[in-house]
Amino acid sequence: MQSPLSPTRPKSPWGRFDPYDFPEDQDKEYVGFATLPNQVHRKSVKKGFDFTLMVAGESGLGKSTLVNSLFLTDLYKDRKLLNAEERITQTVEITKHTVDIEEKGVKLKLTIVDTPGFGDAVNNTECWKSVADYIDQQFEQYFRDESGLNRKNIQDNRVHCCLYFISPFGHGLRPLDVEFMKALHEKVNIVPILAKADTLTPTEVKKKKFKIREEIQQYGIKIYQFPDCDSDEDEDFKQQDQELKDSIPFAVIGSNTVVEAKGKRVRGRLYPWGIVEVENSAHCDFVKLRNMLVRTHMQDLKDVTRETHYENYRAHCIQSMTRMVVKERNRNKLTRESGTDFPIPVIPSTTDTETEKLIREKDEEALHVVFKEMNVCT
């Protein structure tokens with residue numbers, strides 16, 4: 001006969017996730033803190049989640065198509081395509097697309113930050129500067145909100161991940177790729193993407209991946225590092241994690257077209273010689289990338305952004321503010337010790353021009369007149 005529930009034992013508000021709802025635990029006494037994960041889960045689901053993803057790379061590498069394929073939505077339906085003449089004069093812009101996605105009761109506010117015009121000009125010197133400035137601006141805004149009086153509803157617009165698209169038409173990283181990643185690797189989690197993998201044979205994909213990983217290490221570029229698995233994780237999870245690490249850079253194919261292959265409808269690209277399936281792991285790394293971004297490492301990307309990149313920015317801001325305060329205090333201290341409230345005259349330099357000398361002499365005459373009038377008044 002099954003023993004009745006203890007009247008002192010707490011009941012989880014979510015019965016199907018009740019950690020005490022096991023036959024062997026029916027007659028035991030518990031305090032009840034085992035329901036804490038349920039409480040956190042319910043509160044998080046009610047509040048919803050947000051994630052900001054940046055895509056960068058030259059035009060024509062399939063950035064828009066891949067984003068639409070990843071999240072099964074159309075974020076670029078109002079996009080205006082530029083002709084050749086407009087692309088010549090185009091500068092790097094920053095555009096944001098926000099969409100609310102709901103899946104099984106979980107709400108996600110997804111923000112896609114695009115960088116149209118990147119790498120399209122004849123002279124691409126420091127074309128990544130506007131991208132770096134945008135990331136810093138989001139850090140600055142969050143720092144101001146966090147330091148303000150009302151911190152209840154802070155909007156987190158910090159960039160949590162940057163997918164950087166590498167062209168398959170080359171022998172590895174180009175100088176632009178190296179400079180971009182080196183300029184941003186201290187500010188954002190960079191995940192390299194080998195675009196348009198269907199233009200390469202499997203052997204070429206393997207060689208190009210090895211070459212890109214080798215150059216990333218050679219140039220000291222810090223891309224996003226997958227966290228190490230705990231010793232108590234199961235073997236399937238460890239194997240999946242190792243496959244993700246070996247897949248860098250992810251060789252991807254994007255498509256929003258549904259085609260028929262072997263009697264079933266799949267998303268892919270139809271060619272005269274066959275069909276390339278987007279969600280087929282034998283054809284590309286699209287599924288691995290989607291699993292990494294959404295199912296396994298989205299929270300870790302946010303944690304690294306908060307605990308590493310943002311904390312570095314925050315520490316730099318606090319150090320700068322501290323130096324300014326100390327400098328101002330020292331200046332005020334020297335002013336008080338001089339016995340006057342007038343600025344301390346600057347020691348003349350040997351390289352002053354005639355105009356600077358004349359201005360300094362006029363200032364000294366003015367100070368002399370003021371001191372003389374003060375003595376007369378006293």
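This is a predicted model: local features need pLDDT of at least 70, side-chain atom pairs count only at pLDDT 80 or more; totals for chains, interfaces and linings use all residues.

Guide: Buried here means under 20% relative accessible area, while exposed means over 50% and partly exposed lies in between, with a 1.4 Å probe and protein chains only. Residues are numbered from 1 along each chain as its sequence is written, and side-chain values use heavy atoms, leaving out hydrogens and water.

S5 spans residues 190–194. Strands (E, at least two residues) and helices (H or I, at least four) are DSSP runs numbered from the N terminus. Two strands pair if DSSP finds at least two bridges between them. In general, strands of a sheet pair through backbone hydrogen bonds, either parallel or antiparallel.

Now to the neighbours. S4 and S5 run parallel and are joined by 5 bridges; here isoleucine 166 stands opposite leucine 194 of S5. S5 and S6 also pair in the parallel sense, over 2 bridges. Isoleucine 193 has phenylalanine 250 in S6 as its bridge partner, and leucine 194 stands opposite alanine 251 in S6.

S4 and S5 also belong to a right-handed β-α-β unit, with helix H5 (residues 175–184) as its helix. Right-handed means that, with the strands pointing away from the viewer, the path from the first strand over the helix to the second runs clockwise.

Stepping back, the open sheet has 6 strands in the order S2-S3-S1-S4-S5-S6, with mixed pairing. Its edge strands, S2 (95–103) and S6 (250–251), each pair on one side only. Helix H2 (residues 63–71) packs on this sheet, touching S1 (49–56), S2, S3 (106–114) and S4 (161–166). Touching rests on contact, meaning heavy atoms within 4.5 Å.

As for the whole protein chain, there are 10 helices and 9 strands, and buried residues make up 36% of its 378 residues.

How values were computed: Axes are lines fitted to C-alpha atoms, for helices over the stretch in contact, and angles run from 0 to 180 degrees between N-to-C directions.
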